[in-house]
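Take a look at the structure below.

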Amino acid sequence: MKNILEQQFWNNTILAWIIAVGIIILSFFAIRLFRYIILRKIKAWSLHTATTWDDFLVITIENSVIPILNASAVYFALSTLALPEKIKKVVHVAFLVVVTFFVLRTITAAFRKFIFSFIQRQENSEAKKKQANGLIIIVSAVIWVLGFIFLINNLGYNVTTLIAGLGIGGIAIALAAQAILGDLFSYFVIFFDRPFEIGDFIIVDDKSGIIEYIGIKTTRIRTLNGEQLICSNTDLTNARVHNFKRLEKRRIVFTLGVTYQTTHQQLAQIPAIIKGIIEKQDKVQFDRAHFSGYGDFSLNFESVYYVLDADYSVYMDKQQDIYLAIYAAFGSKGIEFAYPTQTLFVQRETNGSVAPQGSRKNENTYS
């Protein structure tokens with residue numbers, strides 16, 4: 001029996017092969033035992049907790065840690081054998097590639113989980129998750145590039161030349177794609193500073209609409225006319241943006257004019273009429289109503305109220321209801337709205353003849 005175990009097979013004794021295979025079998029059995037007993041209990045416990053980080057930990061162990069343990073068991077078992085240098089190098093490279101791949105995947109998944117957990121606590125989280133996808137892609141790409149350089153360095157290659165080449169190439173790319181990089185940095189400004197978010201109604205210059213998508217280079221706006229407006233991120237960060245989604249209440253100032261034939265009693269009633277109409281509206285806060293001055297053809301009243309809702313449709317509905325109620329109230333009180341009129345007075349001479357053209361005069365009055 002001893003002679004059989006000492007026989008050589010591929011430069012290793014039968015006993016050495018049995019030990020290597022035994023290490024692999026025992027390791028796989030221990031890993032499987034851990035997975036089906038301990039990990040299953042941890043998974044069942046995580047289902048009853050409020051946080052989602054324990055669920056993420058369980059998924060990470062299943063998808064990354066266990067494959068690394070399996071690869072480590074095989075690598076350690078083969079390391080006990082006297083293998084040719086080329087085969088040892090191939091095994092070593094394969095092991096580093098596998099470990100680097102699963103480690104980088106774990107890091108990028110943890111970063112994604114951290115960003116989404118941070119966003120989940122904020123309002124309109126679903127829209128913000130879509131906005132964060134661009135940031136996640138960029139950071140993930142940086143992580144994988146650094147991981148690749150780390151792998152090349154651990155394989156024994158000199159990465160100094162590679163890093164220098166990447167630096168020179170980066171400078172060349174930066175000079176050739178200044179506009180693209182400008183939009184990319186503007187994307188980071190939009191993501192972290194949050195001047196607007198998906199779903200916000202904004203006005204930029206003479207364009208207005210709702211933010212539909214925020215990408216790495218462009219932002220897409222659905223205008224009030226229905227078409228999609230595509231703007232570069234740099235243009236938006238450099239422009240004055242009016243964000244109406246963050247409007248807590250909307251201040252409305254409106255004026256109306258009545259004729260000069262309106263009586264003093266009617267004029268005194270107008271502020272109270274307007275106040276009563278506005279205060280009857282829900283989501284509306286009355287501020288003031290005053291006789292503001294004498295116009296060319298009207299007695300003017302200025303009124304101010306607030307709509308306690310940022311929705312533009314709600315604002316228009318309330319304004320319409322108020323205007324219609326004022327029109328009906330003025331009609332029932334006999335108060336007439338003024339409109340521009342012109343009366344021509346012709347002065348006659350004492351002998352009944354019409355005065356010369358120069359003696360005519362124009363005056364603004366009302367009918």
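Lys318 counts as buried, at 11% relative accessibility. Buried means under 20% relative accessible area, exposed means over 50%, and partly exposed lies in between (1.4 Å probe, protein chains only). Lys318 forms a salt bridge with Asp282, with the closest N and O atoms 2.5 Å apart. Asp282 sits in the loop between α9 (264-279) and β9 (284-294) and Lys318 in helix α10 (residues 312-333), so the pair ties together parts 36 residues apart in sequence. A salt bridge here is a side-chain nitrogen of Lys or Arg within 4 Å of a carboxyl oxygen of Asp or Glu. Helices (H or I, at least four residues) and strands (E, at least two) are DSSP runs, numbered from the N terminus. Asp282 is partly exposed, at 47%.

This is a predicted model: local features need pLDDT of at least 70, side-chain atom pairs count only at pLDDT 80 or more, and totals for chains, interfaces and linings use all residues. Residues are numbered from 1 along each chain as its sequence is written, and side-chain values use heavy atoms, without hydrogens and water.

How many salt bridges are there by this rule? The count is 5. Another one joins Glu302 and Arg288, at 2.6 Å between the closest N and O atoms. Glu302 is in strand β10 (residues 299-307) and Arg288 in strand β9, 14 residues apart.

Now turn to Asn243, in strand β7 (residues 241-243). Its side chain reaches the backbone oxygen of Pro195 at 3.0 Å. Leaving aside neighbours within four places in sequence, Asn243 is in contact (heavy atoms within 4.5 Å) with residues including Phe196 and Ile202.

Technical notes. A polar contact is a pair of N or O atoms within 3.5 Å; within protein, one must be able to donate a hydrogen and the other to accept it, and residues adjacent in sequence count only if both atoms are side-chain atoms.
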